[in-house]
Every structure is written in C-alpha cells, then in structure tokens.
There are 2 protein chains.
Amino acid sequence: MIGKTFAKRRHALQQRLRHQDIHSLVVTHSPDWYYLTGFTGESGALVISAAGSRNAVLLTDGRFVAHAAGETSGVKIVQQAGGLFPALGKLLEALPGRKLGFDSGQLTVAQRDDVVKAAGPRKSWKAVPGLVAALRMHKDPAELAAMRRAALLADEVMSAAARMLKPGIRELEVAAEIEYQMKTRGASGPAFETIVAFGARAALPHARPTAKRLRKNELVVLDLGAILAHYCSDMTRTYFVGRASSRVRGWYRAVLEAQAAAIAAVSNGASCGAIDAAARDVLQKHRLDRYFIHSTGHGLGLEVHEDPRLARGQTKLLEPGNVVTIEPGVYFPGVGGIRIEDDVAVHENRSEVLTRVSRDFTEI
Amino acid sequence: MIGKTFAKRRHALQQRLRHQDIHSLVVTHSPDWYYLTGFTGESGALVISAAGSRNAVLLTDGRFVAHAAGETSGVKIVQQAGGLFPALGKLLEALPGRKLGFDSGQLTVAQRDDVVKAAGPRKSWKAVPGLVAALRMHKDPAELAAMRRAALLADEVMSAAARMLKPGIRELEVAAEIEYQMKTRGASGPAFETIVAFGARAALPHARPTAKRLRKNELVVLDLGAILAHYCSDMTRTYFVGRASSRVRGWYRAVLEAQAAAIAAVSNGASCGAIDAAARDVLQKHRLDRYFIHSTGHGLGLEVHEDPRLARGQTKLLEPGNVVTIEPGVYFPGVGGIRIEDDVAVHENRSEVLTRVSRDFTEI
C-alpha cells in the first residue's frame, strides 16, 4: 500500500470527525492505526485531527520509532516518555483542538481515565465507537486484491491439507503442516489458531487440535485462514474419511444448501439478519436448525472478525466493499460436526466468492 | 491442571474480594478466566462471588457451552442470550450481591457501560484493576513445571533454528521452520510472532520476518517463544554468520555482561527497577546505554507480557513464584543489533534460569 492510500483514508476520517464536531480523535487499536498510516508496530497511539493536511501524530516507544519512520509518510512521529496513555494525554493537552473523541469499544476504562486526566481540564471528550471500523468495512480495490490473494493462499493450503488426511495422522500434525504451508507461501501467519477436528471432536465448533489420531469413518473439520500482506482469509471444509452413511450425507447436503442460500442472499442492500435467516431457514426445513449453534458469518479484513456481523436480527445493510464469511454448520455432541465456510465480497451489482476449493462432499 | 487447583485459585480470589468489600467480580480477560476455571473458549465472562463454595458462574455462547462443560468443574455454565455484556448485566442483576467489581484495565468503556446499564440501578460498581493478574504473578509449583517445559521446548527449537543459519536462507523460511518445530513438539503455537532479523534488520527490536536472504558477515537475532500447555516461553539469541569484527564482539560482550548482571540481581525482595538498572549500568559503563532502547524485561506466564514489568523506576519487589524475562539489547540503525533474553523464576532463596541454550558468542 502506498502513502497516498493512507493519506486518502485519513482524509475520509477527517470528514467524519468534522461531521461529529470533534477536533481530534484518539486511535489506539493497532489494525485501525495500520489502516490509517501503514505503521505495523505493536504499541502506540495515533491522533488524527479534523483540520489541516498535516493531521496525524503517532506516539510510540523506542522499540518502534525506527519502524514508524520507515513505514509511514505524512505522519509526525513522537517518541513517548513514560506510560503510553499519560504521554498521549500530554500530547493532546498541547494540541489546539478542545473537543476530543475516543473509541469506547477500544479504550479500556483505565486507559480512558489515564488519558483524560493527563490531557487536563480544558478538553472535552466524546465517545465515538467504531468510526475507523466503519471506514474499514468498505474495502477499496487494493484491499480487495489483497483479500483475493489471501483467499487463494487459503485455497492452496486447504487442498494440501486434504491430501494429508490418512488414518493415523494426528490433529496437531495436520495443524502444524497447515501453518507451515501458509508461512512458506508468504503468509505472516495464521489469521487464527487453525482448527483441525476429527470424529466426535468436530462437534466442537472451535476445537483446538490435539494428539488425537484420525480413524476410518470419521468426519474432519478443517477451519483455516492466513494473513497475507496484512489481510485475512478464513475458510472451512469438512471431509469424510471412509464411506459415509446416508445420514451424514444428508447432513452435509443440508449444510451445503444452507450455505448456498446464504451466499445467494449476499448482495448490495441485503440486511445482515436476512443472510443469517437464509441459512437458518434451510436448516429448519431439514429439522437441523437446533444444531446450528452460532451465527452465519462475520466481516473480514485486517482482522479475522470485524464488522458487519451476520447474525439473527442484525439490521445493517450490506454495501459495496464489504467482505464477509458465510459459515453455517451443524454439531452433534459425541458424534461430529459439519461446517462449510467461504469468504464473499459485495460489489455494486454482484457478489464474489473469494475462496474456491470444491464444496462437493468428499470421501477420502 | 486438575479441578482442585482451579477451585483453590477461586478461593484465593474470594479472600481478596472480601478484603475489597466486593460481593461479585466480573472477569472478562480470557487468561484470567482460564486461570480460575480451566475454560479455554474464546468468548465469555466469568462471575466470581465472594461468598460460598459454589462461587463461579461462566457465561458463554452456544459455540463454547460444550467446551465449558467439559473443561470446568464446580462452575455453573450459563448460555448467553443476545450480546455478551447485556447478558452479563442481566445475570448480575439476578445475583444477590449488590457491590460489584470490574477490572478497569480489561473492560472497554463500552463494555462497562453495557453491563452497568443491564445490571440495573440497584448495583454499585467499583474498579479493581489487576486482582487476578496479581494472583497470576505468583506461579504455583504446577505452573512452574509447565513453564520449565515451555522453556525447554524453546531451547530445542532455538538450537534447531541456529543449525538452519546458512547464507542464502530467508528470514521467513527460518521463522516458518521455527513455528513448525514448535507445533510438532507439542506447542499450541508461538507465544508471539517469531522474530528473525538478519543484518541491518536486527537493529529493529521487533522486526517482522521478510524475504531477505542471509549473507555472510551479518548479525542474526532470533526471538522466539512457544505456548505449551497454556504457558509461554520467550527467549532471544544473537548469532554471527562469518567472522565478527572486534567491535561486534565488544558489543556482544557488553550485552552479555549486562544480562548476567540483571540475572544476578533477580532475587526475592529485589525491586523491578533495580534489575533494570543493573543491566543499564553495565551498558552505560561501556558507553552503550543510549542504544538500549527498551526495558529490561517483563513477567511471563499464561501471557507473554504480564506483570511485573522490569523497567526504569518500577518500585514493585520481586516475590517467590514470579517469572520474568531478562533481555537487554543494543541497536545500531543501519548496522544491526544484539539482544540476549532468558526466562528466570524467583524462589524463596534463589533464582532459576529456565532457558538454557548457550549464551556464548557464536560464529556460524
């Protein structure tokens, strides 16, 4: 991403700050500050002011000052003295603007107290949750290109992982190989702890890999995602090792049908709740809805879970540039589970499925 | 860890709650709730009440209810309806105790507002930061045993990684192999993004691995840690590929001397600031203190950064059961850097270095 892209995003945020009547916004969530400046350090705070073109000050400690100087452009870098939040308050005290905004969904109560105290009594504070998250929901063409590459990498790794599924292999071995394959293909790492669940363990939607060995006639859930050039992918496939019963095949067909219905519902202007309902209705028709114990999907981007949320009753409407997962599943305690997950981008007049590994029922 | 261990920790927390005049404490940080219950799910909230032996209620969503039931003992599991923090408030509203505590260092402003609102006007709230963190600072024998194993695993992986250092290899390849080695040795994953920095990139204390290839006559900084059975290790070694100049050897000797001084200063009753000063004084003697741009170390346990912090001016005194990193370093922009890091446990009358790979200057 080039400096101009970050400057453009800061400019878009400035307009929102003026709309909210805020002179300066405190940005303390690292994906947010990366989005606005390109800074990849692990500690710091960014201040974006509503006025002017020299509108960004990044405060960080000695470990990250050299990073920050090399990674950003048009951003004033300040090395903090003492704790981050007291130092941030002092920096704000010296800025001209009186009306300050903070993200109440990111700052802890203690951080807010520290920065408010240090900024002094001449400042007024307003909670403005999710201003940067709202911008981040709309991926620009460069971001969509990055997400296509991250999805393609997940496709490659999923295909490689499926080839490893032989009776006797351990969940942990498959997980280690998946994450190794990601890294050797250029990922900075997994977007989340890879899920490899065999047999009855597949009934846990978020199973951690164990030393369990794969046996014949077990379901296998693989849920993996990579971070490539800062952007995340997230996909799930379910395989069967051996010959499946007609009951298992029926479950799989129902989940696949639910997923197809939800993917078909993804479009510019559709409500997030309607997409969740599309998947849930299909599973209800098959009398499986009570085994679908989570929501249908979530936004994806610099973080693996971001806005929007595709859950019951969500009224938010999808817009171009949104990227969401569609991941219905059914879980039978003691028996196993099935989930199928893909990443879908919303465009003006169409949607685009980014992950492409076959969803056909596969017996290995 | 067995159920009795968790019950004992909850009992210790109950005493602190009574001391603080709090009827129930809200625990929302996942390492804290793991420490108190054994629950490894990714979403939830725990309520610990000061009175009674049935003192723990764990609220979580449908994805993690089966986990929670299997992982905990003596804990009431409640499946949340709707958002976590409103549901938590409703749960608290129905509990008898009126005086509620929350960790202001963990709850965001929005979460606090949500839970306070839902709990209703009959409750009073008190910010009590770090109550569980304070317990977690004192590792019990089972925790120390787990940390020794995590440290040993880091030793093994560091030795394997050093053998990979041949001119032509890329930083990313070494990082991928390190994390693969961790997983195949039983780690659930790296405790942080592995740092592999060659040549001038070693001047960045937190360099992310890149496609850069190793060349002759470069410094190599490897900073790695594994999570094994929930506990973290964290260690750094610096190697030289080729024959080092006397200047580089002098830097290395100074850092090693500083680290030895700080390790020697680690003892029951020593102040955290004094340990930082021990390292800094040695580097000052060598006129290198201005290249030491971070603090000397940090606590280590279920998280890779926890209390206590070994930094300038910290007055906290070390106590038995504390485990800290000792990691002085020097960084020369454009040239390279040297850091040596080990994990040290504090006992009643001695300290114990958990990580054991040779610290001798090594040319490869």
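Colleague: In which sense do β8(B) and β9 of chain B pair, and over how many bridges?

Modeller: This is a predicted model. In it, β8(B) and β9 (residues 218-224) of chain B pair in the antiparallel sense, over four bridges.

Colleague: Which residue in β9(B) does B:A197 stand opposite?

Modeller: B:V221 is the residue opposite B:A197.

Colleague: And the side chains of β8, which way do they point, and are they buried or exposed?

Modeller: Strand β8 covers residues 195-198 of chain B. B:I195 and B:A197 point one way, B:V196 and B:F198 point the other way, and all are buried.

Colleague: Switching topic. What is the strand order in the six-stranded open sheet of chain B?

Modeller: The order is β4-β3-β2-β1-β5-β6, with mixed pairing.

Colleague: Why is one side of β4 and of β6 left without a neighbour in the sheet?

Modeller: β4 (76-79) and β6 (124-127) of chain B stand at the edges and each has a single partner strand, so one side of each has no neighbour in the sheet. As for the twist, the average from one strand to the next is 25°.

Colleague: What about β1 and β5 of chain B, parallel or antiparallel?

Modeller: Strand β1 (residues 24-27) and strand β5 (residues 99-102), both of chain B, pair in the parallel sense, over two bridges. B:S24 stands opposite B:L100 in β5(B).

Colleague: Which strands does helix α2 of chain B touch?

Modeller: Helix α2 (residues 30-37) packs on the sheet and touches β1 and β2 (45-49) of chain B. The direction of α2 makes about 50° with that of β2(B).

Colleague: Now the interface. How many residues of chain B are in contact with chain A?

Modeller: 34 residues of chain B are in contact with 34 residues of chain A. The area buried between the two chains is about 3,000 Å², and carbon and sulfur atoms give 60% of that.

Colleague: How many salt bridges does the rule find across the interface of chain B and chain A?

Modeller: Two. In one of them B:E179 pairs with A:K183, where the closest N and O atoms are 3.2 Å apart. Counting polar contacts between chain B and chain A gives 18 residue pairs, both residues at pLDDT 80 or more.

Colleague: Which elements of chain B give two or more residues to the side that touches chain A?

Modeller: Those are α3 (65-71), α5 (109-119) and α8 (171-184) of chain B. Of these, α8(B) gives the most to that side, with eight residues.

Terms used: Residues numbered from 1 in each chain as written. Chains lettered and ligands numbered in written order. Predicted model: local features only at pLDDT ≥ 70, side-chain atom pairs only at ≥ 80, totals over all residues. Heavy atoms only, no water. Pairing = 2+ DSSP bridges. Axes fitted to C-alpha atoms, helices over the stretch in contact; angles between N-to-C directions. Contact = heavy atoms within 4.5 Å. Buried < 20%, exposed > 50% of the residue type's maximum accessible area, 1.4 Å probe, protein only. Buried area = accessible area lost by both parts, 1.4 Å probe. Salt bridge = Lys/Arg side-chain N within 4 Å of Asp/Glu carboxyl O. Polar contact = N/O pair within 3.5 Å; in protein donor to acceptor, adjacent residues only side chain to side chain.
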